[in-house]
Amino acid sequence: MLGTDTLLVTDDAGVLVVTINRPKALNALNQAVIAGLQHVLDEAAEAARAGRVRALVLTGAGEKAFVAGADIAAMADMSVGTAREFARSGHAVGDALASLPIPTIAAVNGFALGGGCELALACDFIYAAENAKFGQPEVKLGVIPGFGGTQRLARRVGLARAIELCLTGDTIDATEATRIGLANRVLPAAELLPATIATARKIAEMGPVAVAEAKRVLYAGAGLPLSQANALEVEAFAGLFDTADQKEGMAAFLGKRKPEFKGQ
């Protein structure tokens, strides 16, 4: 899988590491980066379905920023129409991340503001460096989050905290982000990417069909009444007993050996 000048893509034994590579611009999102991400994620989805990729880690180049936001210079003269298309392209990337059947983890190494915070929120969960900063400061520019921030943030941390962050434009540090459930772990900067990849590898060793189903049911059930969500779980659980991975996983457990999952 190929990257671009602004995106570095490496395959670490089935763990895809995607690095946004505009460190001089604090990895700010412009149309080229967004288009590149869409292309990489489309390829990742195909590779995941074929069993070639089992997890994805998203990070930013350098030590200062994951993604400091969207490129304000590029946005300043947008019309209503071009702003709408820009927002739709950002949403499409977020949707592509969220819909991948493999785990996606954001390794936030510095600023994750505006579009950067929204990109991290589109991942399944977030690991943060000690120097990480999160925020949705768009109101300071006379606009609102446009890449899913108002919605994904509320679903991650609760409506009241999301309203506070979106209306004040405040920035919070990694410790506070973890306390409110925005991030899962805080790590020293030097340990962030290795620890994130290690978690991705750990999940990649599990039954891939089961991982994909667990992810699907968790997201789908979150918006349903509990009784309907539990019914969804029952059907997904039962359906896995018609897979080769279930047979292999249980046979390996009973045989006291490591399973060899095929994603089938």
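1. Start with Leu-37: setting aside residues up to four places away in sequence, Leu-37 touches Leu-7, Val-18, Ile-20, Leu-29, Leu-58, Val-93 and Leu-119 (contact means heavy atoms within 4.5 Å). Bear in mind that this is a predicted model, where local features need pLDDT of at least 70, side-chain atom pairs count only at pLDDT 80 or more, and totals for chains, interfaces and linings use all residues. Numbering runs from 1 along each chain as its sequence is written, and side-chain values use heavy atoms, with hydrogens and water left out.

2. Leu-37 is also among the residues touching the most other members of the largest nonpolar core, which has 53 residues; Leu-56, Leu-58, Leu-119, Phe-134 and Leu-182 are the others. A core here is a set of buried Ala, Val, Leu, Ile, Met, Phe, Trp, Tyr and Cys residues joined through side-chain atoms within 4.5 Å, with buried meaning under 20% relative accessible area (1.4 Å probe, protein chains only). Helix α1 (residues 31–49) gives the largest share, 9 residues (helices are DSSP runs of H or I, at least four residues).

3. There's a second, separate core of 14 residues, including Val-15, Ala-55, Ile-197 and Ala-200.

4. On to the pockets (1 Å grid over the protein atoms alone, 1.4 Å probe; an open set of points with protein on both sides within 12 Å along at least five of seven lines; lining residues have an atom within 4 Å of a point). The largest holds about 580 Å³ of space, and of its 25 lining residues, Met-75, Glu-138, Leu-141, Val-143 and Ile-144 are the closest to its centre.

5. The second largest pocket holds about 320 Å³, and α5 supplies the largest share of its lining, 4 residues.

Key:
Buried means under 20% relative accessible area, exposed over 50%, partly exposed in between (1.4 Å probe, protein chains only). Helices (H or I, at least four residues) and strands (E, at least two) are DSSP runs, numbered from the N terminus. Grid points are joined across faces, edges and corners, and a volume is the space filled by probe spheres set on the points.
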